[in-house]
Amino acid sequence: MSVSIAAKGEKEPGRPAAPGLPGRMSRLERRNLRNGLLFISPWIVGFLAFTAYPFIASLFFSFTKYNIVSSPSLIGLSNYINLFHDPLFWKSIYNTFYYTVIEVPLSTVVAIAIALLLNLKIRGQAIYRTIFYLPSIVPAVASSVLWVWLFDPSFGVINDVLAQLGIKGPGWLFSTLWSKPTLILMGLWGIGGPIVIYLAGLQGIPNELYEAAAVDGASAWRRIRRITIPLLSPVILFNVILGVISSFQYFTQAYVMTSGGPDNSTEFYSLYLYDQAFEYLHMGYASAMAWILFVIILVITLVLFKLSKRWVFYG
Amino acid sequence: MNALRTVMKWPNPGRIRLRLAVLVPAALAMTVMLAACGAISPGSSSGSASAVHLEYWTMWTGRWLALIQQEATDFNETHPGIQVSVLSVPQNGDQKLLTAIAAGQPPDIFTEWNPTIGTFAQNNAIIPLNQFATGQYKNAISDLNPSAAAGGTYKGKLYGYPISMNSYLLYYNKDLMKAAGLNPNDPPETLAQLTADQAKEWNISGGRVQQMGFYPPSFSMLAGAFNVHVMKSGNYQLTNNPQALAEMKFIQSYSKYPYSAVNGFSEALDSVGGGSSDAFDVGKQGFTIGGPWEITQIESLDPAMHWGAIPIPAPAGGNSDVTMVNGNYDIIPKGAAHPEQAWTFVAWMAGINNAKASQFLTTGGWMPAVPSVAEQPGYQQWLNQVPVRHEFLQAFNNPKDYTDPLACNGEQYSTDMGNAVEAVLSNTMNAEQALASLQSNIDKATC
């Protein structure tokens, strides 16, 4: 009697290959793999050329003086050191944190509140849902131009309405005091995406829980606090993380509506990064900024994940 | 059928579909890549086969682009050996140009505005044009209007050839002057008088601007009148500069008007008509500094307006009859395929060996950088049509005119100066603080 004992890690002869191991694939599997890779090759090439390579290259450029036209020259940590002595860098950090700290919680609360309303079983609900989602499909540039007119201190509809109520409207985008709050208010215009996600989350909460709570005499507010919010918490975490990331990359509206003004009050981080890269050709400096932004977002995301253990309920 | 397929060696239809599904996108992708890399040359079939083809990029759009295209057509008709193709790159044209230069496939000519030329020159992205000033072009640089040439000169070499220039006067609305109790036939001749007169024209109610008097447009616009020189020994010098401080203090005197309301009012009116109008054009501003094109705008937007234009008033001890000079400069990028032919087109566009140059300049309302163009009958006729146009030309020819000097960090200076003026007008800083902050920023700006 012969006993075949395979060494650890070896496969016994005659045993079919584990799925997914190219060396042991059948001809059909290899062909399928090849065809699959060919089909997704445009994406792979695009990813390598337009995401992976620039990502790695920007790290190298962040240690260089580089202006696109001439070859980059290594300057060590100078870009990073100079950044910390650049007042506009700190101002852009302040502006970005200001926007994020107010906009993300505000849009989260408003989006959840609207999603709760859109989750009610009333007539014409589909129409309401469409209305609230509609602004999200308007291109950011088009809606920005529209809002510039709405917020215009002299000709804008908003100040017209305030004047009718006897309130003297502020300078909105043209005021150093009001420019950031104006952009935050305008940010609520585009919360249709998070609303849809919250709505999906709300519809995933079993009805029996509400029925049981109602039988126990729980008020509507208590049901929201004790059932809805805990069961929605993974969705809230998801939207908050996305919101934080997009807030730190806030660019289009500020670029179109204020160009960073007045008096740099809307010079957000990404806008300043863009100016450094494409207005002043300081590609190395801008790359250093990009990496600092990456680290900031990474740290905040990790902190959010860490803190989420205290309040996110995964059922 | 399967047997026949086997005999005839036809592949399985499923496999054909699969191969097509893989090959067709691959072929398309290859075509796109080849086209992008220039293997397929667009427009190579147009014009004479032996002619040199020049790529000319411009950031102009709309009727201005049509004007440029007409220029190219006229040039092509008179220069059979050279064919110019115009490409409009309206958004982020500078970045596209730099990318093209870095990729080794720049256009032959690019029209640029002043501030960026210094940055490009410092980075060897464009070539100096002095090398072409030989033979029939030996006076092509020395004959240029000095203020126009200054806007294209970096470290003693001309990098941007001025093709069409701007000159400015103070426009005044006679109707608004009359309504404010001023004599419409006695416009202000000094800046102090202008400040006093315009104050009577403002109308602000409920925090909202209904009508403006005068408002300082930019630092550069009045720098000539204040005899400001922003550079000393090749570096920006904004502090310990009495003239710069005097001008900034003049600007600060307008901080009594609510900045956000004024800015909102003027920007809203600026954006009417695609950004080609302003508060003055529509009869909502008493005084403004503008170029010859304002005349066309007024005729179009408020033809009933009674207006006049005079040289920019001077402060006490300042320069009178001066203007800021800026405009459009042709540059030849490093790596351009046909720099010699590009120069021929650039010089022709500016008016050298071009009997029809006045047509281009008068349509755009521009001053000629090549002085001889002003003598062309077409240009003289245009000046005589509206006599005040002579005033623009006279101001343009004043040797004390102000041109923003080129610097490697000129773009940054331009942005920072705009911020300084904004800070002063919005009462965030006083004149001294704004200039000190500007100096500090620009000192840190690397090239």
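Start by selecting Ile56(A): at 58% relative accessibility, this residue counts as exposed (exposed means over 50% relative accessible area, buried under 20%, and partly exposed in between, with a 1.4 Å probe and protein chains only). What you have open is a predicted model, in which local features need pLDDT of at least 70 and side-chain atom pairs count only at pLDDT 80 or more, while totals for chains, interfaces and linings use all residues. To find your way, note that residues are numbered from 1 along each chain as its sequence is written, that chains are lettered from A and ligands numbered from 1 in the order in which they are written, and that side-chain values use heavy atoms, leaving out hydrogens and water.

**Stop 1**

Ile56(A) is found in helix 1 of chain A. Helices (H or I, at least four residues) and strands (E, at least two) are DSSP runs, numbered from the N terminus.

Which helix supplies the largest share of the patch? Color helix 13 of chain A, which provides eight residues. Helix 1 (27-61) and helix 13 (283-311) of chain A each supply at least two.

**Stop 2: an enclosed helix**

Staying in chain A, select helix 7 (residues 179-187). Seven of its nine residues are buried, so the helix is largely enclosed by the rest of the structure. Among the buried residues are Lys180(A), Leu183(A), Ile184(A) and Met186(A). Show helix 3 (87-118), helix 5 (140-150) and helix 11 (252-257) of chain A too, as the buried residues of helix 7 pack against them. Contact here means heavy atoms within 4.5 Å.

**Stop 3: crossing to chain B**

Select Arg208(B) and Asp160(A). They form a salt bridge, with the closest N and O atoms 2.9 Å apart (a side-chain nitrogen of Lys or Arg within 4 Å of a carboxyl oxygen of Asp or Glu). Arg208(B) lies in strand 9 (residues 208-211) of chain B and Asp160(A) in helix 6 (residues 157-164) of chain A, so the pair joins two chains. Arg208(B) is buried at 12% relative accessible area, whereas Asp160(A) is partly exposed at 35%.

How many salt bridges are there over all chains? The whole structure has three. Another joins Lys356(B) to Asp74(B), with the closest N and O atoms 3.8 Å apart. Those two residues are 282 apart in the chain. Glu432(B) and Lys249(B) form a salt bridge as well, at 3.5 Å between the closest N and O atoms.

**Stop 4: the five-stranded sheet**

Next, show the open, mixed sheet of chain B, whose five strands have the order 2-1-3-14-6. Strand 2 (82-88) and strand 6 (161-166) of chain B are the edges, each pairing on one side only. The twist averages 20° from one strand to the next. Strand 6 runs antiparallel to strand 14 (residues 326-331) of chain B, joined by five bridges; two strands pair if DSSP finds at least two bridges between them. Look for Pro162(B) opposite Tyr329(B).

Axes are lines fitted to C-alpha atoms, for helices over the stretch in contact, and angles run from 0 to 180 degrees between N-to-C directions.

Zoom in on Ile331(B) in strand 14 of chain B. Is Ile331(B) buried or exposed? With a relative accessible area of 0%, Ile331(B) is buried. Residues that touch Ile331(B) include Leu97(B), Phe110(B), Ile117(B), Phe120(B) and Tyr159(B).

**Stop 5: a strand covered on both faces**

Finish with strand 7 (residues 169-173) of chain B, where five of the five residues are buried. Leu169(B), Tyr171(B) and Asn173(B) are on one side, with Leu170(B) and Tyr172(B) on the other. Strand 7 is antiparallel to strand 12 (residues 287-290) of chain B, over four bridges, with Leu169(B) opposite Gly290(B). Strand 13 (residues 307-310) of chain B also pairs with strand 7 in the antiparallel sense over four bridges, and there Tyr171(B) stands opposite Ala309(B).

Key
Lists of a residue's contacts leave out its neighbours within four places in sequence.
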